[in-house]
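Welcome to this tour! Please open your viewer, get ready to select residues, and follow along one stop at a time.

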Amino acid sequence: MRTVDVVIVGAGLSAAAAAKRLVDAGLETVVIERFQLPRHKICSGILSPRGHRFLLENFGSLPRETLHDPVSCRGVTFHFPSMVSIPMDFFGGTTPHLHRKYADHWAIKRSGAEIHDQTSFTGLQDNGDHVIVQAKKLGEPVEYRARQVIGADGPSSPVIRAIYPEYQQSIPWFFVGQKFHKIIECPLDEQYFHFWFHPDLGHYTWSHARDGRQIVGVGFKRGDNFAKKHENVVNYFSEKHGVRLGEPLDDEGCGENFGPSLINRYVFGKGNVLITGQAAGFLNMIGEGMSCALHSGAICGEAIVEARLRNRPMQEMYRKMIVSEVRRTTDQWNPLKIAFDRPHEADFPAALMELGWRDRARVLRDMWNFVVLYKEFKWGRQIMNAALQRPFIGGYSMRRWL
Ligand SMILES: Cc1cc2nc3c(=O)[nH]c(=O)nc-3n(C[C@H](O)[C@H](O)[C@H](O)COP(=O)(O)OP(=O)(O)OC[C@H]3O[C@@H](n4cnc5c(N)ncnc54)[C@H](O)[C@@H]3O)c2cc1C
């Protein structure tokens with residue numbers, strides 16, 4: 001059995017950030033990843049300015065193979081049913097368009113941790129002064145003994161299932177699917193990520209250019225027909241935006257733990273097991289999760305280092321330190337913050353004010369109709385109520401999964 005200071009489960013961006021902090025502090029750290037690296041990750045790869053700064057400051061400048069084509073993104077364009085479109089540039093210029101397969105691999109290698117890929121976490125026992133981690137490497141059982149374990153293992157987190165078997169039934173789930181189309185004609189500006197606030201299209205509808213193809217993606221709830229939803233969106237794009245696409249060449253999809261950051265169901269772990277990144281619930285209103293994965297991962301690593309140095313309880317330290325990231329992610333759902341405080345690092349209020357008053361009123365009406373759509377979703381009423389109450393309640397306490 002291998003004995004180390006910390007085992008991190010998952011080799012995504014939250015893991016890379018946590019590993020960087022631990023390795024820099026001199027802790028022996030092993031990262032286990034179920035897939036062979038570099039591994040595929042379904043993601044648009046649009047990085048916020050804060051995420052970009054984090055990568056530069058911690059891992060250096062990005063090599064070309066970590067980027068898709070177009071290599072950068074100027075910002076986000078919101079489209080509304082009234083046919084008003086609002087392009088918004090990121091603060092501070094363009095950000096890289098990450099190719100997650102290679103960007104994640106580059107970051108985890110730069111962290112300096114030891115990486116064991118094709119090693120799938122299967123269970124753990126927390127014995128108080130150490131944790132035994134069980135995994136399978138190419139089907140063969142392997143064990144690790146560590147002082148701490150970090151679950152940086154994404155939305156369906158097997159580490160959470162090991163410590164809180166019922167947690168995943170208590171949070172909202174949402175599905176996303178995307179198809180990659182040959183482009184015949186596409187007037188949508190390829191320098192932006194495009195997002196539709198349109199109740200007839202679905203809960204989450206997006207499109208952007210990647211490597212000479214156009215991605216068309218839709219979010220849907222359990223039981224919905226992805227193919228039909230997607231076809232409806234393609235027809236709408238053609239009719240309303242003049243987008244002409246060839247048959248899809250490929251498709252993919254996954255489940256997302258969408259909403260824990262809004263309804264305050266973050267989970268940070270217990271005992272010697274800490275949870276971070278999207279597994280912990282860090283994902284914002286427009287499905288952006290890389291920046292908060294990086295920052296929460298780094299805080300998780302720092303919390304372990306601090307708790308060891310000061311001989312303080314690990315969980316208490318992590319909860320104290322993670323508050324700033326909780327606040328930031330939660331603010332990204334707050335209608336008043338969005339209207340006046342720019343939590344998304346693009347200037348929506350300024351873009352809105354540039355419109356004439358008629359279009360402004362149309363946009364606000366369209367946004368309202370879109371929020372109401374969430375009512376029909378299993379957790380929708382709770383999400384909607386939380387979104388509407390958010391400006392009036394603090395909402396930053398982590399009351400539930402302490
Ligand atoms: C369609 C789509 C588009 C998105 N677009 C964007 C975007 O444009 N911008 C943005 O900021 N965010 C986007 N996101 C969200 C973003 O991808 C995630 O929030 C982010 O990757 C979370 O990082 P993480 O490190 O927490 O987890 P992940 O990146 O999910 O990494 C978790 C890792 O754990 C591994 N793992 C899981 N189980 C085990 C196991 N049993 N044993 C060992 N390893 C295991 C996984 O294989 C994976 O490598 C998108 C998500 C989707 C689905």
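Before we start, one term: two strands pair if DSSP finds at least two bridges between them. Helices (H or I, at least four residues) and strands (E, at least two) are DSSP runs, numbered from the N terminus.

This is a predicted model, in which local features need pLDDT of at least 70, side-chain atom pairs count only at pLDDT 80 or more, and totals for chains, interfaces and linings use all residues. Residues are numbered from 1 along each chain as its sequence is written, and side-chain values use heavy atoms, with hydrogens and water left out.

**Stop 1: the whole protein**

Show everything as a cartoon. You will find eleven helices and 17 strands. The radius of gyration (taken over C-alpha atoms) is 21 Å, close to the 21 Å from the globule rule (2.2 Å times the number of residues to the power 0.38), so the protein is as compact as a globular protein of its 402 residues. Along the principal axes, the C-alpha atoms fill a box of roughly 65 × 45 × 40 Å.

Of the 402 residues, 58% count as buried. Buried means under 20% relative accessible area, exposed over 50%, and partly exposed in between, with a 1.4 Å probe and protein chains only.

**Stop 2: the seven-stranded sheet**

Which order do the strands of the open sheet have? Select them and read across: S5-S4-S12-S13-S14-S11-S15, with mixed pairing. At the edges are S5 (85-89) and S15 (244-256), each pairing on one side only. Neighbouring strands here are turned by 20° against each other on average, direction ignored. These angles are between axes, which are lines fitted to C-alpha atoms (for helices, over the stretch in contact), and run from 0 to 180 degrees between N-to-C directions.

Now highlight S11 (residues 174-185) beside S15: the two pair in the antiparallel sense over ten bridges. Click on His 181, and then on its bridge partner in S15, Pro 248.

**Stop 3: the nonpolar cores**

A nonpolar core is a set of buried Ala, Val, Leu, Ile, Met, Phe, Trp, Tyr and Cys residues joined through side-chain atoms within 4.5 Å. The largest one has 71 residues, and Ile 8, Ile 32 and Ile 150 have the most contacts inside it. Helix H6 (residues 290-310) gives the largest share of this core, ten residues.

**Stop 4: backbone details**

Where is Pro 38? Look in the loop between S2 (29-32) and H2 (49-59); the peptide bond from Leu 37 to Pro 38 is cis, with omega near 0°. Move on to Pro 70, in strand S3 (residues 67-73). The bond from Asp 69 to Pro 70 is cis too, with omega near -5°.

Finish with Asn 311, in the loop between H6 and H7 (314-331). Asn 311 has a positive phi of about 55° although it is not a glycine. Is Asn 311 buried or exposed? Asn 311 counts as exposed, because its relative accessibility is 70%.
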